[in-house]
Amino acid sequence: MTAQLNAAWARRFIDLATDVVTTKRVDLSELDRAIGDGDHGENLARGFAAANRAVQESEADTVGGVLKLVATTLMSTVGGAAGPLYGTAFLRAAKVSNVEAIDAVGVHTLLDAALEGIVARGKANAGDKTMVDAWTPAVEAAGEASAAGESPAATLRAAADAAARGAEATEPLVALKGRASYLGERSVGHRDPGAESSALLLDAAARAAAEDSA
Amino acid sequence: MTAQLNAAWARRFIDLATDVVTTKRVDLSELDRAIGDGDHGENLARGFAAANRAVQESEADTVGGVLKLVATTLMSTVGGAAGPLYGTAFLRAAKVSNVEAIDAVGVHTLLDAALEGIVARGKANAGDKTMVDAWTPAVEAAGEASAAGESPAATLRAAADAAARGAEATEPLVALKGRASYLGERSVGHRDPGAESSALLLDAAARAAAEDSA
Amino acid sequence: MKKLINDPTNATSEAVEGFVLAHSDLVTQLDGLVVARAGGAVAGKVGIVSGGGSGHEPLHAGFVGVGMLDAAVPGAMFTSPTPDPIVVATKAADSGAGVLHIVKNYTGDVLNFETAAELADAEDIEVATVIVNDDVAVEDSLYTAGRRGVAGTVLVEKIAGAAAERGDDLAAVTQVATDVNANMRSMGVALTACTVPHAGKPSFELADDEIEIGIGIHGEPGRRRVPLASADEITDMLLDPVVEDLGVGEGEEVLLLVNGMGGTPASELAIVYRHARARLEARGITVARSLVGNYVTSLEMQGASVTVLRLSESMKELYDAPVKTAALRWGL
Amino acid sequence: MKKLINDPTNATSEAVEGFVLAHSDLVTQLDGLVVARAGGAVAGKVGIVSGGGSGHEPLHAGFVGVGMLDAAVPGAMFTSPTPDPIVVATKAADSGAGVLHIVKNYTGDVLNFETAAELADAEDIEVATVIVNDDVAVEDSLYTAGRRGVAGTVLVEKIAGAAAERGDDLAAVTQVATDVNANMRSMGVALTACTVPHAGKPSFELADDEIEIGIGIHGEPGRRRVPLASADEITDMLLDPVVEDLGVGEGEEVLLLVNGMGGTPASELAIVYRHARARLEARGITVARSLVGNYVTSLEMQGASVTVLRLSESMKELYDAPVKTAALRWGL
Ligand SMILES: Nc1ncnc2c1ncn2[C@@H]1O[C@H](COP(=O)(O)OP(=O)(O)O)[C@@H](O)[C@H]1O
Ligand SMILES: Nc1ncnc2c1ncn2[C@@H]1O[C@H](COP(=O)(O)OP(=O)(O)O)[C@@H](O)[C@H]1O
Ligand SMILES: [Mg+2]
Ligand SMILES: [Mg+2]
Ligand SMILES: [Mg+2]
Ligand SMILES: [Mg+2]
């Protein structure tokens, strides 16, 4: 079943994710500088470098096993708001994917669990101008794609594209949660850094899946 | 004896001196900024404003009486290096001019006493790049002019012009005294602020004398 | 960017190391950059732990010692620490009487301390938490992240620390900290931005004739940008909302804290203090205690904040109690 | 120029007023901005007076109190005070046992204190003077104004202050101050210039990648301009000439003072301290006492200085003695 996603996919996902947050480190921090404290790229680059190292050194052989390692490493290296939020997202995702391979429905379940984790910790609603605004449409798109019988790779692609649109759509919003909320109206016109990084991470997941099925 | 200088001259001198240090406040501080701490103009403007007020409020009717008041006021309002140095200069000048009027020889005696006061307090030698480098040629020129039978006004004019040349001649020197000495070789190429202000003060004295005899 | 640092990556760890070496009579360094009171937890005493992003020195490590914190957890520059070192600090502070976490109200700090508290609980350490949110520059509502914790944090740490030192139990110490937080408000101004080492450029741009009112302590922009004004005018812009929000008035006693943001000369803080005090007194408010200096900073930012704490007799007593830390010391 | 001031003309007087109000338990204000120890001269104790241009806060007013100065004389910004207030301070400090003037070696300070000492003598107050000249950045010779007095001044004030407090007579206190001065050297660096309020622009220009080694504390340029370097490299540039000039070596005990110029974050001072300490220890020198913070500043200048004081047993004892001032406090 080459179409299913396994631990190798998860490893490749984290590898690509590490690449992208490292490459986009300055851009992400620049977004955060505008409406936050300018460290989001730095935080994620530090965290994913550590997570990737941990994954490479481990023998985890389930999707959930890899993601759990990522979760605990992010939790203990990122700090700030993004650390616990992404940490919890990966932890919840790991819980529902502790199997050797997942199909398209499994992808949706995984993303849904991640979003639930973020909301459980951060208490943000959709429209509050946070990473939730990338994850919400992503989960929705993944639900539709998997229900329509798309492959796991196509399901992730749909989720990633929806997340990118969701990140862009944070620009006109007034922030109500996180550091950007202190700016009130002045947060309008800037993209939320966490929504942007979420879109980048989901894109990495989709690219890893596409390679896998190629 | 209209050619002699009296208390009215001394009052006019201080009035013009106050004018010039006020007008040149920024320029003098700018010179001091280059090789010192940038406060020379500020210090003198504060001090002479107070001295002029004191003179105007007093009934001093001898040259020395006016100059002594200036001395004590400068001493207690200028601070820094220039305060005690100018204070002592005026004090010594006052001591040798406690008469109703002074002639050209008296002008030389007065300037010589002022210079001796500066050297007694500051221990600088000619060539150390201090106000001494304005006063030394000034006293010399006054000596020559008075010996040649010039008027007090002409004697002061000769002194003022020599002081101006002396101030200019401090530019190529390496400072050995005062704050500029900390710069060593880096003080070269800058005019000493105290030498410059000394030239301005002597010019004010000469102008006051010229008006007097006009 | 001009800084006395080596590699930006090591700036925080080298600074903590230097701090601990310079104050080895007061503190010791544990895993994860945790700075703990020398000699370890005090038997029977409630432990007090605080922490948060670095760059606010002397907060928090400068307040570790007798009568104040048992341990401080410095995160990366302006970034909340992760749960692990918070757990290390919590264990170090616990002598069985429980530990109070003093947490500034930022999403990151709240979430990481929350996780740490859960982990500590799993190891049977009783943890209580007080969230400090004294910054009136930020609107407080159910639907937002709420007010930030800023300079007043030092007052919560001092007064709760004294309660713990005198032997109050965890519930009582928590109550004291809650009371202090409820009775104080702060507001700050930035004249210049600051530069986080790894960012390499200022956290926001400010024109030569502009100041940022309602600035946070992380180089995040403030409530509004206004033209540069006189110290007295700026002080009014800070103090008036503080007094109004706190609702303090005639006949009451307060502590007035004028806190420097790091790059402001002491003389300017004294000028702000002078006017703030006069303005409080003009309203019939007595300034019974004063603190003026750099306590909760934002690296080299130029600016200041004004904090007013409504004092009760018992708070005054606790504030006056001996303290022996690197940055606050009296009576010992 | 961005400053928390009102009219530049009143900046110093308002700052002193604010300072005295904030520390009314410790100090009181006399004529001419003189800040004197609350309660007046202590019977039988030698009085200690220091002063100089303002802009170096907490020097000197921040060190008035038990165990240190009896009175401080703030001049205009970066300008030595005139003799009159020095006389006021001297009278306030005198209880009949004489007064020590601690004077930083600047022509202006030296001359004005000299005049004040003469005036005090005329009123039968015995005055001794110690000129502080710890700055190795400046060549010392018979033919120049000699070395400047910089951050080490705080150590002379602390240690001589303790000697006076313990009851030493004027000759003995003067000897202690002379010993401290003879056994210490300092050197500073500026990363940025500072701006004197009435001048309105920086005291010198420094490119974005340049630093000024051997900076003075009055915004006067330093010994040489070099490219920006790492904290460790800069620390070496400061420490090595200090150690060499002092001739301190293996087996000796020193006090290491890392002083901030006003605008440098505490974390950066800790980084400098860390390396300076390691480098001293590598030479077999023991850092027995440490002081890290803003003690002798240049307004908002960014930079630091390193001071090394060779310690004797008696100096250590005096340094450790209780002190209760706004900026230095322990044991009380
Ligand atoms: N309550 C929240 N719920 C969901 N996401 C949040 C919340 N608070 C902050 N975030 C996200 O975290 C991002 C900021 O992360 P980061 O800069 O790493 O942390 P910090 O704000 O502590 O510096 C924001 O852009 C936002 O997407
Ligand atoms: N020892 C000295 N002898 C003579 N003149 C001196 C001496 N030291 C300084 N000066 C003069 O004082 C001037 C500086 O005065 P000012 O700036 O008012 O004082 P400060 O140096 O204390 O800031 C110098 O330019 C120099 O001419
Ligand atoms: Mg951030
Ligand atoms: Mg000067
Ligand atoms: Mg952050
Ligand atoms: Mg000066």
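Ala, Val, Leu, Ile, Met, Phe, Trp, Tyr, Cys and Pro count as nonpolar, Asp, Glu, Lys and Arg as charged, and the others, Gly among them, as polar. This is a predicted model, in which local features need pLDDT of at least 70 and side-chain atom pairs count only at pLDDT 80 or more, whereas totals for chains, interfaces and linings use all residues. Residues are numbered from 1 along each chain as its sequence is written, chains are lettered from A and ligands numbered from 1 in the order in which they are written, and side-chain values use heavy atoms, with hydrogens and water left out.

**View 1. The shell around ligand 2.** By class, the residues around ligand 2 comprise seven nonpolar, eight polar and six charged. The shell holds 21 residues, of which Asp37(B), His40(B), Ala81(B), Asp192(B) and Gly194(B) are the closest; a residue is near a molecule if one of its heavy atoms lies within 4 Å of it. Because residues from chains B and D surround ligand 2, the site is shared between chains.

**View 2. Polar contacts and cover of ligand 2.** A polar contact is a pair of N or O atoms within 3.5 Å; within protein, one must be able to donate a hydrogen and the other to accept it, and residues adjacent in sequence count only if both atoms are side-chain atoms. An oxygen atom of ligand 2 lies 2.5 Å from a polar side-chain atom of Asp192(B). A polar side-chain atom of Asp32(B) is 3.0 Å from an oxygen atom of ligand 2, and a backbone N or O atom of Met131(B) is 3.0 Å from an oxygen atom of this ligand. The protein buries 97% of the 560 Å² that ligand 2 exposes when taken alone (accessible areas by the Shrake-Rupley method with a 1.4 Å probe; for residues, only the protein chains shown count as cover). Helix H3 (40-57), helix H5 (82-95) and helix H9 (193-213) of chain B are the elements that give two or more residues to the shell. H9(B) contributes the largest share, three residues. Helices (H or I, at least four residues) and strands (E, at least two) are DSSP runs, numbered from the N terminus.

View 3. Donors are N, O and S atoms within 2.8 Å of the metal (3.2 Å for Na, K and Ca); water is not among the atoms, so sites may look incomplete. Why does Asp37(B) count as buried? Asp37(B) is so classed because its relative accessibility is 5%; buried means under 20% relative accessible area, exposed over 50%, and partly exposed in between (1.4 Å probe, protein chains only). Asp39(B) is also buried, with a relative accessible area of 6%.

**View 4. The magnesium ions of chain A.** The magnesium ion (ligand 5) is coordinated by OD of Asp37(A) and Asp39(A) at 2.1 to 2.2 Å. Asp37(A) bridges ligand 5 and ligand 3, which lie 3.5 Å apart. Asp32(A) and Asp37(A) are buried, and Asp39(A) is buried as well.

**View 5. The site of ligand 1.** Asp37(A), His40(A), Ala81(A), Asp192(A) and Gly194(A) come nearest among the 21 residues around ligand 1. The site is shared between chains, because residues from chains A and C surround ligand 1. Oxygen atoms of ligand 1 lie 3.0 Å from a side-chain N or O atom of Asn43(A), 2.9 Å from a polar backbone atom of Ala81(A) and 3.1 Å from a polar side-chain atom of Arg179(A). Of the 570 Å² of accessible area that ligand 1 has on its own, the protein covers 96%. H9(A) supplies the largest share of the shell, three residues.

**View 6. Helix H4 of chain C.** Val156(C) belongs to helix H4 (residues 153-166) of chain C. Val156(C) counts as buried, at 0% relative accessibility. The C-alpha atoms of Val156(C) and Thr178(C) are separated by 8.2 Å, and the two residues are 22 residues apart along the chain.
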